[in-house]
Amino acid sequence: MATIAVPPSVPSPAEDAEQLQKAFAGWGTNEDLIISILAHRNAAQRKVIRQTYAETYGEDLLKALDKELSSDFERSVLLWTLDPAERDAFLSNEATKRLTSSNWVLMEIACTRSSMELFMVRQAYHARYKKSLEEDIAYHTTGDFHKLLVPLASTFRYEGPEVNMTLARSEAKILHEKIHEKAYNHDELIRIVTTRSKAQLNATLNYYNNEFGNAINKDLKADPNDEFLKLLRSAIKCLTYPEKYFEKVLRLAINKLGTDEWALTRVVTTRAEVDMQRIKEQYHKRNSVPLDRAIANDTSGDYKKMLLALVGHEDA
């Protein structure tokens, strides 16, 4: 009788915790061992490893990693090890700080997470910072940015596939009218972008394209240097084609004179378990170079190994 080969099982959380502790022990840190464990465990597994590590060694794994690692490699490992909602809460909080402020990061998190994911980010924010994400965004933003970002972060969009075509037609006309009037911060335009389900928004924008002959983002390019319009266009792209948005963030991060490691790290760690395959396809199509090769050419050392493991290039 033929025997069936049993695939090697993933080590238990206790074994992983023990191996990580060994990686920290002695004179030098064993970075390869850290990558071989953490980069190959999913969010649920990483959460249990953290709990097991704290129970066994009386220290938060994140603190241990923080002591042992440094620079971009450290940031990539810490962001990856965090629970996704905690990670987004941390990135959002960082984006409201004066020296690391970024309307882009706030918009990206608000527009590319599902309603339940965004709700969990707001809960994680409460737990960690003892205040709400919305109040921090409201306090740290002004003018049109404030008007767009606060409702984006506060919304709980309907997630279903149902679409109201009558509504799509009427709202496409509203959008066209306001854009034609250059009333980019009009309450109705903001309301449609910040509250409608992604399916409904797609239907509205398809109607807009067919009826008025231009994609909405083309009409929103009237002033290419207007920072609010750039953010509004990116919000629409995030809500409709997130992989195109992330491809562009990666392209700009890698193709700059100096690599934008923060953007590169953020996109890889937040999308590796979500839509990295689609982003890789989009990147290859747009740049004629595979994403893993672009990352390999632009980074080095343990940081490079970590990113390549996360984008799915196992033999980095």
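One thing before we start. The model is predicted.

Let's begin with the salt bridges. The count comes to 22. I'll take three of them.

How exposed is each partner? E86 is partly exposed, because its relative accessibility is 27%, between the 20% and 50% cut-offs. R50 is buried, with a relative accessible area of 16%.

Next, E59 and K67. They form a salt bridge too, and the closest N and O atoms are 2.7 Å apart. E59 has a relative accessible area of 22%, so it counts as partly exposed. K67 is at 61%, so it counts as exposed.

Now E171 and R191. Here the closest N and O atoms of the salt bridge are 3.1 Å apart. Again, the pair links distant parts of the chain. E171 is in helix α11, residues 165-180. R191 is in helix α12, residues 187-195. The separation is 20 residues. Is E171 buried or exposed? E171 is buried, with a relative accessible area of 2%. R191 is partly exposed, at 26%. Salt bridges that share partners join E171, E188, R191 and R196 into one network.

On to helix α15. This helix covers residues 227-240. Does the length agree with the residue count, or disagree? Work it through. There are 14 residues, and at 1.5 Å a residue they should span 20 Å. The end C-alpha atoms are 20 Å apart, so the two agree.

How many residues of α15 are buried? The answer is 11 of the 14, so α15 is largely enclosed by the rest of the structure. Among the buried ones are F228, L229, L231 and L232. The list also includes R233, S234, C238 and T240.

Look at E227, also in α15. E227 is partly exposed, because its relative accessibility is 42%. E227 and F145 are 82 residues apart in sequence. In space, their C-alpha atoms are 9.2 Å apart.

Which residues form a positive patch? They are K218, K221, K248 and R286. Take K218 from that group. K218 is found in helix α14, residues 216-219. K218 is exposed, with a relative accessible area of 58%.

Last topic: backbone angles. Most residues other than glycine have a negative phi. S71 has a positive phi of about 55°, although it is not a glycine. S71 lies in helix α5, residues 71-81. With 56% relative accessibility, S71 counts as exposed.

The other is K182. K182 has a positive phi of about 60°, and it is not a glycine either. Where does K182 lie? K182 is in the loop between α11 and α12. K182 also counts as exposed, because its relative accessibility is 56%, over the 50% cut-off.

So, to recap. The salt bridge count is 22. Helix α15 is largely enclosed by the rest of the structure, because 11 of its 14 residues are buried. S71 and K182 have positive phi values. Thank you.

Note on methods
Residues numbered from 1 in each chain as written. Predicted model: local features only at pLDDT ≥ 70, side-chain atom pairs only at ≥ 80, totals over all residues. Heavy atoms only, no water. Patch = residues over 30% accessible without salt bridge, like charges linked within 9 Å, V, L, I, M, F, W, Y side chains within 5 Å. Areas by Shrake-Rupley, 256 points an atom, 1.4 Å probe, with all protein chains shown as cover. Salt bridge = Lys/Arg side-chain N within 4 Å of Asp/Glu carboxyl O. Lys, Arg positive; Asp, Glu negative; His and termini not counted. Charge placed at Lys NZ, Arg CZ, Asp CG, Glu CD. Helix = DSSP H or I, 4+ residues; strand = E, 2+ residues; numbered from the N terminus. Buried < 20%, exposed > 50% of the residue type's maximum accessible area, 1.4 Å probe, protein only. Expected span 1.5 Å × (residues − 1).
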